[in-house]
Amino acid sequence: MAHEQHNYLNHQKGIWSWLTTLDHKRIGIMYFVAIMSFFFLGGVFALLVRAELFTPGKTLFSADVYNRMMTYHGAIMVFMVIVPGIPAIFGNFVLPIMIGAKDVAFPRLNLMSWYMLMIGAAITGSTLFLENVDTGWTFYTPYSSIKTGLGVIPMVLGVFIIGFSSILTGLNFIVTTHKLRAPGMTMNRIPLMVWALYSTAILQVLATPVLAITLLLLIAEKTLGVGIFDPQLGGDPVLFQHFFWFYSHPAVYIMILPAMGVISELVATYSRKVIFGYTAIAYSSLAIAGVSFLVWGHHMFVSGQSEFAGVLFSFITMLVGVPTAIKLFNWIATMYKGSIRLDAPMLFAIGFMFLFTIGGLTGVYLASTGMDIHFHDTYFVVAHFHYVMVGGTLMALMGALIYWFPKVTGKIYSDLVGRISWVFIFTGFNVTFFPQFILGNMGMPRRYYDYLPTFTELNQMSTFGSWLIGTGFLVGLYGVIYALLKGKEAGNNPFGGKTLEWTTASPPPHENFESTPVLTGGPYEYR
Amino acid sequence: MNWFSLITATSFMPVPATKESGDVDNLYIFLLVSGLISFIILIGGMVIFIFKYRRKTEDQKSAYITHNTLAEFLWSFIPFVIMMVIFAWGWSVFHDLRRVGEKGDVEVHVTARQWAWTFKYANDIEINSPTDKKLLDDPDSTLLKPEIVVVPVGKTIRFILTSDDVLHSFYVPAFRNKMDAVPGRRTTFTFTPIEKGDFTVFCTEYCGTKHSNMMATIRVVDGEQFAAWQAEKIAANAGANNKGPAERGEALFKGSLGCSGCHSIDGSRIVGPSFKGLYGNKRDFADGSSVTADDAYIKQSILVPTAKIVAGFPPAMSSFQGRIKEDEIKDIIEFIKTLK
Ligand code: HEM
Ligand SMILES: [Cu+2]
């Protein structure tokens, strides 16, 4: 075509038009760039941490440097990568289009959320140059409040601000989902990705303020000496854990629910089949969101809380396992009698199911009080949460990237590059984290700078695996650059998707659709 | 190690050395077997579908199946039942591990501190671990040799835990048991050893720089050996009282007060400043002031460590107020005087 198509990318020009944009699609891209940079930094720390653990004793750094890298790795990955990750990047991009809206409900608030993430990240990141923090990403008191440097204050202040970014995004998504659906799109016709983002948003709005208040209390104790958590001042050190996990347990679902939304989309599209048990998947997200508020004490079975509390939390935790299992069954049932294509995004979806199943099953071990006593705070736990969060969220993130790449940019992401990246990430992941289950069995505690020689071989395997994962992500990055420069033109619906985003142009026009779509059926009507 | 324990991966766990740990391992085997079966059903099903329903032609159609109430009920209900079994089993094992309020045949007060454990028996025998000797002769290794804490086999042992500073956690993999040591609180760690031998204690709650270094060794022996060990310790204690003040100070420094965890005596930097050449020399503080280290300064530093912060060091030391006696301060000062 001689006449270039008019879309959101060429709607306005110049860096300034990006930095002041109110278009959810552009904001999604800005999140992508920011979060991927954080991911790179967090990844470098991960590789350094693993390199240090290659041999017992000092391999590269002193214990202090190790503790700081372990802290930054965890804090960056959790607060700046996995929590905002899928909702901020892909949620922003696809949620309004999937429900047939022109934008999110509050475009200005949306831009402000991005700036808050950047400001928060800058403050937290500044401690890298001012005064490093060595508390671990959990900031447990009284170590954080009385026994370590003042860098903790800007660190948690940054996390506090990042929390507000998360609350605002959540609020925006809730209102958008309720108010801006296209005609005919009832709540029972919204795509499962939207259900997942909606449940996540509820968690973000309700849970994050607790973290924010907790961090403020920590700052108050550290600067003003108010006794809240420090027993020397009359406080209770375990109180911090209660507050912290009251947020952070729901937060692990903030991390994983959006990933589950992505998997539902991928499985339906690449099996070319109506999703099995739409209602079960949709409402199990809400159920997970609800129950996950009541299980925080399973992080504290050995903290000295009463036996009764331990047993109660164990019981409720088992209940969360059920809706989680339901989702897995539904995805697999969707594949039954489907028309399955193993393109790179589907490989990532399958990788997700494989890793998430292992992560979920080992979660049951940890939910069982008598067993958790042995595994708590050992490498078994490190392996478990990496299987769930990294195996889950990062697999989904890569799948989502390749799947929606044509919609976002108008170019096709090379399937071959995607598959190569998958092979490295998937194998590397198992080589890295599977040995850590065994280390946990043997009794190696987590956050250890130095270890007994009996743990050496498994640690070496794990470090070797981390190089494979690193390579896999570099290949993935290469794929992005290659597709931007040399990718084939995509067309509107290269993979045969059924949800609304595939009915508009790639890249979409400034206001998403040329004319408002009208819905007459559910989202996955492959007949 | 037999084939069964290899398959169930319990061979990777340390030998179960207490009455309770065998029960944990049985639960573990159940979890592993039921987990493996679930994994095979889920992932096996998935893999079969991938191959069986692979798209062979571009226009291949799929079946239109929206849901199936019976299947959905079953796959919610069966996992629910299994999880309830795991919950109840876990609870009963947990109850045996905790035994809150039950008195032990041997009771030991355990105090955690950055980065050491003090074990105090009813008859005042005191063990501090780790020692200041290296565990391995690798020059890069930072691990210190654990001190040995002796308990009799077949008796109920209760450790009463607390912490002087931050959170720590008392973990013995061979006992499958773990409990946090919380400042301002008492928690208990009760066990009944059934195997003789040496078992490693780790700290599993991240507690700062030398977290990975807080080890101890629990040696389980028979009743007579335990009694002999106690008698020997009591005799050694009596001998220690005849020593001079500097020697007593040295014992405190390296032992129960655990100063050596943070301060060296050879000039090297650990966490706090070295004591080599401290006495009678000038100290520069973070606020720009300075004094000559004398008795009053050392005493103040022990009781109110935050009053004067030595330049270049974090304000990391907590007060020894209430944990140290007046004479003991004197002994320590005598010891510091010898470090020229
Ligand atoms: C590139 C692959 C990764 C490798 C090789 C890796 C490796 C590690 C290692 C060695 C630790 C330290 C464990 C310890 O000492 O307790 C750790 C901790 C942790 N990692 Fe990762 N990691 C990776 C990716 C991620 C990602 C993407 C996340 C995001 C959720 C993540 C979240 C965490 C968290 C929350 C901790 C706990 C930190 C703490 O205990 O303070 N990791 N990781
Ligand atoms: Cu410790």
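This is a predicted model: local features need pLDDT of at least 70, side-chain atom pairs count only at pLDDT 80 or more; totals for chains, interfaces and linings use all residues.
Hi everyone, a definition to begin: a polar contact is a pair of N or O atoms within 3.5 Å, and within protein one atom must be able to donate a hydrogen and the other to accept it, while residues adjacent in sequence count only if both atoms are side-chain atoms. Residues are numbered from 1 along each chain as its sequence is written, chains are lettered from A and ligands numbered from 1 in the order in which they are written, and side-chain values use heavy atoms, with hydrogens and water left out.

Let's start with ligand 1. Which residues come nearest to ligand 1? Of the 24 around it, they are His73(A), Trp137(A), His386(A), Arg446(A) and Arg447(A); near means that a heavy atom of the residue lies within 4 Å. The side chain of His73(A) has an N or O atom 2.9 Å from a nitrogen atom of the ligand. For the side chain of His386(A), the corresponding distance to a ligand nitrogen is 2.8 Å. Trp137(A) uses a backbone N or O atom, 3.5 Å from a ligand oxygen.

Two or more shell residues come from each of α2 (24-52), α3 (63-82), α14 (379-409) and α16 (456-486) of chain A. Helices here are DSSP runs of H or I with at least four residues, strands are runs of E with at least two, and both are numbered from the N terminus. α14(A) gives the most, seven residues. By class, the shell has 17 nonpolar, four polar and three charged residues. Nonpolar covers Ala, Val, Leu, Ile, Met, Phe, Trp, Tyr, Cys and Pro, charged covers Asp, Glu, Lys and Arg, and the others, Gly among them, are polar.

Now, back to α2(A) and a helix partner. The axes of α2(A) and α5 (residues 107-126) of chain A come within 10 Å and cross at roughly 10°. They are therefore roughly parallel to each other, a label for angles under 35 degrees. Residues in the contact include Phe38(A) of α2(A) and Trp114(A) of α5(A), with contact meaning heavy atoms within 4.5 Å. That contact has twelve nonpolar, three polar and no charged residues.

Over to chain B. Five strands form an open sheet in the order β3-β2-β1-β5-β8, with mixed pairing; strands pair if DSSP finds at least two bridges between them. The edges are β3 (126-129) and β8 (187-191) of chain B. Inside, seven bridges join the parallel strands β1 and β5 of chain B.

Conventions. Axes are lines fitted to C-alpha atoms, for helices over the stretch in contact, and angles run from 0 to 180 degrees between N-to-C directions. Angles under 35 degrees count as roughly parallel, over 145 as roughly antiparallel, 65 to 115 as roughly perpendicular and the rest as oblique.
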